[in-house]
Amino acid sequence: MRLNLPDTFAQRLAAADRGQVGMWLCTGSTVNAEIGAGSGLDWLLIDGEHAPLSLESIQQQLQVIATYPITPVVRAPFNDTVTIKQYLDLGVQNLLIPMVNNAEQAEAAVAAAHYPPRGVRGVGSALARGARWNRVENYLTDASKYVSVTVQIETAEAVENVAGIAAVDGVDALFVGPSDLAASMGLIGQQGHPDVVAGVKRALEAGRAVGKPVGVNAFDPKLASQYLDEGIDFILVGADVAMLARGSEALATKFIEERTGAASAGQERASY
């Protein structure tokens, strides 16, 4: 039996006629992954950097998401050849590599994602879900077309080197992280600071200058809409954990704090 693999994130970005909108998956829950997959969004980011996700957890989420018409991207914890090999073997097609600060690091990420002679990825396709256990015809020779590599620009050093990073053959897209960028500039928590905004814009312009898709993280709805209006190629606008946190807080406010406050006010009026 011969199987086909879905289009990569890079291929879908190239075919899109608008910015691709997505959300983070950080809980490791396959239920949350399936709910997000059926949401109507364009893509999901499974976060292996800041969430407590094992290889098995990532694979299970990919298996659940695979039944829906949405593109999963997986962020590695760091730019590591062995980790990237493991991710690809368990079925990750679309990699997001954090903290890429120069062209050499970008090249290392690309090399890790491809078999020789382009790269250094170890061969284990017969054992791995990535090749559907050798049920994808000519996987070894065609593997590069089944993988996309997006690198993350999220430090002042990366912004300084962004033109060189964007120019690396095999870097399919750039994703800007304003939070870490602000921190690296001594402006932690100040993503809206003019210097941080300028750094974000510089990174986005560098990607566009060489014809590569650019994306950004923006949980503020007004800012997210602005980026989309300005032609951003892909964007993250929420996260499962954030939506649960804010939603549960809203319930507490509505059904406890507001009612308690109203009752207290009524008692005060009755005492006069």
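Modeller: Helices here are DSSP runs of H or I with at least four residues, strands are DSSP runs of E with at least two, and both are numbered from the N terminus. This is a predicted model, in which local features need pLDDT of at least 70 and side-chain atom pairs count only at pLDDT 80 or more, while totals for chains, interfaces and linings use all residues. Residues are numbered from 1 along each chain as its sequence is written, and side-chain values use heavy atoms, with hydrogens and water left out.

Biologist: How many helices and strands does the chain have?

Modeller: There are 12 helices and 8 strands. Taken along the principal axes, the C-alpha atoms fill a box of roughly 85 × 45 × 35 Å.

Biologist: What share of the residues counts as buried?

Modeller: A residue is buried under 20% relative accessible area, exposed over 50%, and partly exposed in between, with a 1.4 Å probe and protein chains only. On that basis, 45% of the 272 residues of the chain are buried.

Biologist: Take strand S1, residues 20-25. How many of its residues are buried?

Modeller: The count is 6 of 6, so S1 is largely enclosed by the rest of the structure. Gln-20, Gly-22 and Trp-24 point one way from the strand, whereas Val-21, Met-23 and Leu-25 point the other way; all are buried.

Biologist: In which sense do S1 and S8 pair, and how many bridges join S1 to S2?

Modeller: Two strands pair if DSSP finds at least two bridges between them. S1 and S8 pair in the parallel sense over 4 bridges, and the partner of Val-21 in S8 is Ile-235. S1 and S2 also run parallel, joined by 4 bridges; here Leu-25 has Ile-46 of S2 as its bridge partner.

Biologist: And strand S5, residues 148-153: how many of its residues are buried?

Modeller: S5 is mostly covered, with 6 of its 6 residues buried. Ser-148, Thr-150 and Gln-152 point one way, and Val-149, Val-151 and Ile-153 point the other way; all are buried. S5 runs parallel to S4, with 4 bridges, and parallel to strand S6 (residues 173-176), again with 4 bridges. Thr-150 shows how to trace this on the screen. Leu-96 has Thr-150 as its bridge partner in S5, and the partner of Thr-150 in S6 is Ala-173.

Biologist: Now the aromatic side chains. How many aromatic pairs are there?

Modeller: Rings of Phe, Tyr and Trp (its six-membered ring) pair if their centres lie within 6.5 Å; planes under 30 degrees apart are stacked, over 60 edge-to-face, and the rest tilted. This rule gives 6 aromatic pairs. In one of them, the ring centres of Phe-9 and Trp-43 are 4.9 Å apart and the planes are at 35°, so the pair is tilted. Phe-9 belongs to helix H1 (residues 9-15) and Trp-43 to strand S2 (residues 43-47), so this contact ties together parts that are 34 residues apart in sequence. Phe-9 and Trp-43 are both buried.

Biologist: At what angle do the planes of Trp-43 and Phe-234 lie?

Modeller: The angle is 75°, with 5.7 Å centre to centre, and the pair is edge-to-face. Phe-234 is in strand S8 (residues 234-239) and Trp-43 is in S2, so the pair ties together parts that are 191 residues apart in sequence. Trp-43 and Phe-234 are both buried. Ring pairs link Phe-9, Trp-43, Phe-175 and Phe-234 into a cluster.

Biologist: Last, the backbone. Where does the cis peptide bond lie?

Modeller: Most residues other than glycine have a negative phi, and most peptide bonds are trans. In this model, the bond between Pro-116 and Pro-117 is cis, with omega about 10°. Pro-117 sits in the loop between helix H5 (103-112) and helix H6 (139-142).

Biologist: What is the phi of Met-99, and what is the phi of Asn-138?

Modeller: Met-99 is not a glycine, yet its phi is positive, about 50°. Look for Met-99 in the loop between strand S4 (94-97) and H5; with 33% relative accessibility, Met-99 counts as partly exposed. Asn-138, likewise a residue other than glycine, has a positive phi near 55°. Asn-138 is in the loop between H5 and H6, and its 49% relative accessibility makes it partly exposed.
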